[in-house]
Amino acid sequence: MEFMKISDRLQEWLENVRSFLQQEIYPLEQQPNRFDDIESLLNEKRRKARERGLWTPHLSPAWGGPGFSLMEFAHISELLGRTPFGHYVLNCQAPDIGNMEILIKHGTPEQHQRFLRPLINGDIRSCFAMTEPEHAGSNPVMMGTIAVREGDEYVINGHKWFASSADGAAFAIVMAVTHPDAENPYQRASMIIVPTDTPGFHLVRNIPVMGHAGRGYFSHGEIRFENCRVPRENLLGSEGAGFAMAQERLGPGRIHHCMRWIGICERAFEMMCDYAARRELAPGKPLASRQTVQNWVAECRAEIDAARMLVLRTAQKIDHEGDYAARMDISLIKFYVANVLQTVLDRAIQVHGGLGMTDDTLLAFWFRHERAARIYDGPDEVHKTRVAKMILRQYGAKI
Ligand SMILES: Cc1cc2nc3c(=O)[nH]c(=O)nc-3n(C[C@H](O)[C@H](O)[C@H](O)COP(=O)(O)OP(=O)(O)OC[C@H]3O[C@@H](n4cnc5c(N)ncnc54)[C@H](O)[C@@H]3O)c2cc1C
């Protein structure tokens, strides 16, 4: 199985990342209020990561990265996923990672200079604004945000929400309708780069998610665009290509998420086993002696391993054959791994009893935060329907 092979160079990277997380990042998890006011501390850790040569592991050497394949990066992403801060300190976190990739592919030299370089250097952050409160995000062609050309400018009006990390971002990549009359609904929208200090760009609020309104990098922003004017040069790619580019962004993006989730699963699994072995229900009778717990341990092991193999196989397919050839595999891992994650976290919390409900461990944070895994980048139902249709059409089903 080629996708399980790890080269010497990747092994060296993985060991370096592992020791960096151990020395510098895991101790941060002990901080009270660990997700508020931590950005400056994390930025300090970013500087250290960069000094150790651990920076933008997803990028090619042309952009200052190590030039790993997507499959190789998946191994690094799993390791980073073991802590909520992992991807951020190596500057390969969503949504910046997707924005970097799309800018590299479709940005002009001026856009590279102004937006991409500072993003790669870690001097700024960005966000991606597509979903709208008034329209179903599962069917984004119904988008209401419009960008009208006036002379050398686009004038944007609309309403977005759930733009992750919008608070403190320097720019947003905004999906807006530029060609409402295009016959093909997938050719109506474009991507436009909007600096967040542009007049008419209003960050309305950081949306509370599962009881917590994150700030800065951990935020999810609601944004209003009111006659927000940007120059024509801020168009990313060509007019009407927004949905095609969004699909390009989401393919590898789903691999990144899935491997991060597997990192969380592994950490939760370790916590569950460790606690089950230590917690005594009666003298000499640890939780681990109960068959229910043993079943959970065995089932989690099988499910996590299966999830990893599916994701690596998909990453390998994208590397060799491209996103389009792997589209069914991408949908399959998106719902499968998100559900493995929920199950593993739920069992780990149950084993921890009351402790699992507190914020003394990371389990409760992950349980709240990662419930969204079954919704963002396409809800379970959308991906299941896509997989099922592709299979059933091979049997002649006219659906
Ligand atoms: C934590 C978080 C972070 C996010 N980050 C971003 C971001 O950075 N940028 C951004 O633009 N968006 C972001 N989103 C938005 C996310 O992508 C959307 O929430 C998602 O696409 C679903 O859209 P919706 O919320 O409008 O749900 P809707 O489309 O209204 O769907 C509601 C529910 O209907 C069901 N459903 C939908 N379609 C079907 C179907 N075909 N068959 C059966 N059932 C169906 C599903 O159960 C779904 O959950 C984020 C969301 C969350 C929760």
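A nonpolar core, as I use it here, is a set of buried Ala, Val, Leu, Ile, Met, Phe, Trp, Tyr and Cys residues joined through C-beta atoms within 7 Å. I call a residue buried if 20 or more other C-beta atoms lie within 10 Å of its own, exposed if 12 or fewer, and partly exposed in between, with C-beta atoms placed from the backbone.

**Ground rules.** I am working on a predicted model, in which local features need pLDDT of at least 70, side-chain atom pairs count only at pLDDT 80 or more, and totals for chains, interfaces and linings use all residues. My residue numbers run from 1 along each chain as its sequence is written.

**Entry: the core.** I began with the largest nonpolar core, which holds 105 residues; Ile192, Val311 and Val337 touch the most other members. Helix α7 gives the most to this core, with 15 residues. Contact here means that the two C-beta atoms, placed from the backbone, lie within 7 Å.

**Entry: domains.** I noted three domains in the protein chain: domain 1 (2-121), domain 2 (126-236) and domain 3 (243-393). Their bounds come from an automatic or database domain assignment. The centres of domain 1 and domain 2, taken over C-alpha atoms, are separated by 25 Å. Domain 1 puts 16 residues into the contact and domain 2 puts in 15. On the domain 1 side, α5 (96-106) and α6 (109-121) each supply at least two residues, and α5 gives the most, with five. I sorted that side of domain 1 by class and got seven nonpolar, five polar and four charged residues. For the classes, Ala, Val, Leu, Ile, Met, Phe, Trp, Tyr, Cys and Pro count as nonpolar, Asp, Glu, Lys and Arg as charged, and the others, Gly among them, as polar.

**Entry: the ligand.** Which residues come nearest to the ligand? Of the 22 around it, they are Met130, Ala136, Gly137, Ser138 and Glu381. To be near, a residue must have its C-beta atom, placed from the backbone, within 6 Å of the molecule. The elements giving two or more residues to this shell are β1 (126-129), β3 (153-164) and α12 (380-393). By class, the shell has 13 nonpolar, seven polar and two charged residues. Why does the ligand lie between domain 2 and domain 3? Both domains give residues to the shell around the ligand, so I place it between them.

**Entry: helix α3.** Burial came next, and 12 of its 12 residues are buried. Among them are Glu72, His75 and Glu78. The buried residues of α3 pack against α1 (8-25), α4 (86-89), α7 (242-278) and α8 (291-321).

**Entry: His87.** I found His87 in helix α4. Is His87 buried or exposed? His87 is buried, because 23 other C-beta atoms lie within 10 Å. Not counting residues up to four places away in sequence, His87 touches Leu80, Cys92, Gln93 and Arg260.

Entry: Most residues other than glycine have a negative phi, and most peptide bonds are trans. I looked for departures. The peptide bond from Ala94 to Pro95 is cis, with omega near 0 degrees, and Pro95 lies in the loop between α4 and α5. Thr56 has a positive phi of about 35 degrees although it is not a glycine. I located Thr56 in the loop between α2 (39-51) and α3, where it is buried, with 22 other C-beta atoms within 10 Å. Asp377, also not a glycine, has a positive phi of about 55 degrees. Its loop runs between α11 (363-369) and α12, and Asp377 counts as buried with 21 C-beta neighbours inside 10 Å.

**Entry: Ala213.** My last stop was the loop between β6 (201-206) and β7 (220-231), where Ala213 sits. Ala213 counts as partly exposed, because it has 14 C-beta neighbours inside 10 Å. Leaving aside neighbours within four places in sequence, Ala213 is in contact with Asn206, Ile207 and Pro208. Ala213 and Ala136 are 77 residues apart in sequence and 22 Å apart in space, C-alpha to C-alpha.

Conventions:
Helix = DSSP H or I, 4+ residues; strand = E, 2+ residues; numbered from the N terminus.
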